[in-house]
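Please look over the sequence and the model below before reading on.

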Amino acid sequence: MSKRRIKKVAIIGSGIMGSGIACHFANIGVDVLLLDIVPRELNDKEKAKGLSLEDKVVRNRLVNDALTASIKSKPAPLYHPSFKNRITTGNLEDDIAKVSGVDWIMEVVVERLDIKKQVFENLEKHRTPGTLITSNTSGIPIKFMSEGRSEDFQKHFCGTHFFNPARYLKLFEVIPGPKTDSSVLEFLNGYGEQFLGKTSVIAKDTPAFIGNRIGIFSIMSLFHAVKDLDMTVEEVDKLTGPVIGRPKSATFRTVDVVGLDTLVHVANGIAENCPKDERHELFDLPGFIKTMVDNKWLGSKTGQGFYKKNVSADGKKQILTLDLDSMDYRSNQKAKFATLELTKSIDNVADRFKVLVSGKDKAGEFYRKSFSALFAYVTNRIPEITDDLYKIDDAMKAGFGWEHGPFQIWDAIGVDKGIEMMKAEGLEPAAWVNDMLSSGSSSFYTVKDGATYAYNIPSKSQEKIPGQDAFIILDNIRNTSEVFKNSGVSVQDLGDGILNVEFRSKMNTIGGDVLAGINKAIDIAEKDFDGLVVGNQGANFSVGANIGMIFMMAAEQEYDELNMAIKYFQDSMMRMRYSAIPTVAAPHGMTLGGGCELSMHADKVVAASETYIGLVEFGVGVIPGGGGSKEMALRAQDTFKKGDVELNTLQEYFLTIGMAKVATSAYEAFDLGILQKGKDIVVVNKERQIATAKAHARLLADQGYTQPVKRKDIKVLGKQALGMFLVGTDSMEAANYISEHDHKIANKLAYVMAGGDLSEPTRVSEQYLLDLEREAFLSLCTERKTLERIQHMLTKGKPLRN
């Protein structure tokens with residue numbers, strides 16, 4: 001059988017979900033055909049133009065309007081605006097025959113079985129045998145949708161459920177129909193992970209599948225608990241957010257964003273279709289939810305839900321909160337719990353759970369009650385919704401943004417302790433949990449030889465979770481493969497002659513210990529290894545240099561020490577570039593300031609597609625001082641081309657720093673000159689990133705990597721460029737576009753990127769530019785306004801414009 005490849009897909013239905021899925025296929029380079037129905041009547045604009053229902057612009061209006069709205073939405077569904085050119089639109093009357101030329105047809109129409117079956121009947125008339133055909137349904141049984149279709153159709157048909165927004169949420173549920181060929185399931189499971197960058201989970205054809213069955217239960221359980229424990233909206237969101245590794249939007253804010261009507265629809269579906277669910281009563285809507293639905297308080301889409309934006313009489317914007325007793329909106333009440341105070345010094349979320357469930361206050365009671373209900377529920381869903389406990393954890397992490405799945409949380413608390421909590425709540429786990437303990441397994445997961453094993457219920461043993469071989473999981477190898485560590489980094493042997501430097505500081509900030517760790521890793525690699533990766537698997541690669549340290553030195557006027565610290569940062573970046581072994585950076589998430597500078601000095605960057613990277617130092621009143629300003633001047637001159645106006649090119653790079661531009665994906669970083677075409681690459685699945693970076697470090701070594709010669713050929717334009725920059729910054733301040741301090745910062749950056757006030761274009765060394773950069777950085781640190789900005793960033797977490 002020939003190898004299946006996906007070169008073109010057809011998406012049927014262009015609503016929020018359909019357009020989002022179309023955009024994500026375009027993100028990964030697939031040619032997309034997006035089809036929707038033909039309008040039945042003209043709108044006012046079309047009437048004014050004298051158009052008829054037969055005009056193509058009218059016939060494709062619905063699909064084009066939907067796609068345009070999707071592309072304009074925030075967060076952006078496309079990695080890069082140009083990727084929209086990979087999507088062709090059409091309608092289901094004129095263009096349905098085109099599905100004969102695609103490799104995969106996906107239905108994403110309204111959640112009504114009769115309409116879906118009608119769509120499939122029409123598609124089968126044009127579908128080429130062997131073509132994949134799937135439905136993005138979020139809950140309609142797959143077995144009903146393929147009834148009456150041909151054998152070939154049913155063999156290649158299944159559910160493929162994306163979560164919204166398709167680009168950002170990583171869960172991809174594959175749900176077989178009664179006659180789905182096993183090779184189709186295997187292909188889609190692998191394609192979702194390798195190409196779409198998803199966590200693929202094969203689910204059983206049960207109501208709401210895995211993610212929504214557990215996720216909606218968890219939310220409905222909280223809805224009932226909030227009244228039982230007499231808790232406020234703010235209290236629940238405080239307890240169910242980042243403190244337990246969940247998104248900042250926690251519970252009620254998440255419901256507002258998703259839409260209460262959406263949640264109620266799924267909950268009603270579960271209640272209706274799962275009459276034997278042992279917690280069926282929890283899917284009944286509490287009174288306050290019914291009131292909200294009746295009042296159309298559905299969240300962001302209707303302007304109010306659990307929270308409501310309000311403008312007070314004096315014009316101040318404020319967020320009001322719904323009081324669940326009076327059902328009136330009131331001002332926000334700060335939530336505080338003694339139990340949470342005990343976790344403030346615990347950085348590792350998994351280590352907090354034992355403390356949280358031991359709390360003596362209302363928070364402790366809340367956690368014991370909610371975790372007990374969740375643990376009992378998930379044990380009873382096996383084998384109903386899946387045979388494998390790890391799939392439930394995967395689904396909750398990828399679909400709902402949980403850092404840990406239910407069984408991982410239970411392991412962190414202790415299996416015996418979890419059972420004890422359940423019994424105190426009048427609950428019992430499924431029998432297989434006690435069988436697990438009797439068989440000698442004291443946890444749901446174990447780690448062996450760098451791989452994760454999960455308890456398998458039929459075999460009553462720990463079995464290796466499949467699909468890990470393409471990944472390197474740093475948590476699994478840190479204890480056995482560590483060759484050096486300090487308070488800032490862990491350096492691990494990845495095998496095959498490659499080392500990895502993993503940042504372990506708070507938010508992966510780059511301070512003295514991290515820099516010392518990088519230098520030590522290069523020392524070790526140059527002596528005993530062949531290459532070095534700088535990568536971690538935290539939420540963000542690095543939010544930049546340790547500005548707290550900079551603030552303390554500047555405030556104490558310890559300028560000699562600050563000069564040495566900045567030079568050490570610069571020298572460390574130059575070691576990344578000019579070591580005897582190849583260096584590969586693996587940025588992901590927020591990669592700001594110093595994290596960006598480090599990436600720019602590696603021999604190669606293997607960036608996750610979701611990398612938000614930029615030089616943002618202007619926001620705290622300084623210029624990039626770890627080689628970033630120098631590097632942008634160098635890259636500008638490297639792109640000077642014969643016939644180009646060199647000043648214009650230099651200005652573009654200047655503005656990237658001056659406007660603190662941050663790429664909203666790795667692909668946008670190429671436009672900013674932060675990533676380089678032909679050298680740096682992008683991976684869609686972040687789980688594969690460290691392994692891919694390791695492979696590229698190995699490849700560079702095998703190709704005969706030679707330590708580069710330091711550059712002394714950088715063309716700077718001197719007074720010619722400096723004059724242009726100064727005129728521009730003067731004009732910006734005069735027009736009140738920038739503050740007096742912004743003007744001062746911009747002029748310092750101008751001096752560096754022009755190469756100083758040289759009388760004519762000159763070739764200089766990197767060190768020359770680094771010295772200018774460091775002098776400018778230090779001089780700005782003496783400014784009161786700079787100290788005010790740094791202090792504001794440290795206390796408020798956002799830039800101060802003054």
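**Backbone, rings and spaces in a predicted model**

M327 is located in the loop that runs between β10 (317-322) and β11 (329-331). The structure discussed here is a predicted model, and in it M327 has a positive phi of about 60° although this residue is not a glycine. For background, most residues other than glycine have a negative phi, and most peptide bonds are trans.

- M327 counts as buried, because its relative accessibility is 14%, and buried here stands for a value under 20%.
- D496 also has a positive phi, of about 55°, although it is not a glycine, and its place is in the loop between β16 (489-495) and β17 (498-503).
- D496 counts as exposed because its relative accessibility is 55%, where exposed stands for a value over 50%.
- The peptide bond that joins N164 and P165 is cis, with omega at about 0°, and P165 belongs to the loop between β6 (157-162) and β7 (171-176).
- Another cis peptide bond joins I382 and P383, with omega at about 10°, and P383 is found in the loop between α16 and α17 (389-400).

**Hairpins around β16**

- Strand β16 is mostly covered, since 5 of its 7 residues are buried.
- On one side of the pairing, β15 (residues 482-485) and β16 run antiparallel and are paired over 3 bridges, and these two strands form a hairpin with 3 residues between them.
- Within that pairing, K485 has S490 in β16 as its bridge partner.
- β16 is also joined to β17 by 6 bridges, again in the antiparallel sense, and the bridge partner of Q492 in β17 is N500.
- β16 and β17 form a hairpin with 2 residues between them, and the turn holds D496 with its positive phi of about 55°.

**Aromatic rings and charges over them**

- A search of the whole structure finds 34 aromatic pairs.
- Y367 and F371 are 4 residues apart in helix α16, so about one helical turn separates them.
- Y367 is buried, with a relative accessible area of 0%, and F371 counts as buried at 4% relative accessibility.
- Ring pairs also link Y367 and F371 into a cluster whose members include F353, F366, F375, F407, W410, W432, F444 and Y455.
- Two arginines lie over ring faces: R4 is placed over the face of F187, at 5.8 Å from the ring centre, while R381 is placed over the face of Y377, at 4.4 Å from the ring centre.

**Cavities and a pocket**

- The count comes to 2 cavities of 30 Å³ or more, and the largest cavity holds about 100 Å³ of space.
- Among the residues that line the largest cavity are F366, Y367 and F371, together with R246 and T240.
- α9 (211-228) and α16 (362-380) each supply at least two residues of this lining, and α16 gives the most, with 5 residues.
- The lining of the largest cavity divides into 7 nonpolar, 4 polar and 1 charged residues.
- The second largest cavity holds about 30 Å³ of space, and its lining is made up of A633, F640, L650, K715, V716, L717 and M753.
- In the lining of the second largest cavity, 6 residues are nonpolar, no residue is polar and 1 is charged.
- The second largest pocket has a volume of about 910 Å³ and is lined by 41 residues, of which V543, G544, A545, I547 and M793 lie nearest its centre.
- Elements that each supply at least two residues of this pocket lining include α22 (512-528), α24 (559-577), β20 (589-592) and α33 (784-796).
- The lining of the second largest pocket divides into 25 nonpolar, 12 polar and 4 charged residues.

Conventions. Residues are numbered from 1 along each chain as its sequence is written. This is a predicted model: local features need pLDDT of at least 70, side-chain atom pairs count only at pLDDT 80 or more; totals for chains, interfaces and linings use all residues. Side-chain values use heavy atoms; hydrogens and water are left out. On a 1 Å grid over the protein atoms alone, a cavity is a set of points where a 1.4 Å probe fits but cannot get out, and a pocket is an open set with protein on both sides within 12 Å along at least five of seven lines; lining residues have an atom within 4 Å of a point. Grid points are joined across faces, edges and corners, and a volume is the space filled by probe spheres set on the points. Ala, Val, Leu, Ile, Met, Phe, Trp, Tyr, Cys and Pro count as nonpolar, Asp, Glu, Lys and Arg as charged, and the others, Gly among them, as polar. Buried means under 20% relative accessible area, exposed over 50%, partly exposed in between (1.4 Å probe, protein chains only). Two strands pair if DSSP finds at least two bridges between them. Rings of Phe, Tyr and Trp (its six-membered ring) pair if their centres lie within 6.5 Å; planes under 30 degrees apart count as stacked, over 60 as edge-to-face and the rest as tilted. A charge sits over a ring if NZ of Lys or CZ of Arg is within 6 Å of the ring centre and within 35 degrees of the ring normal.
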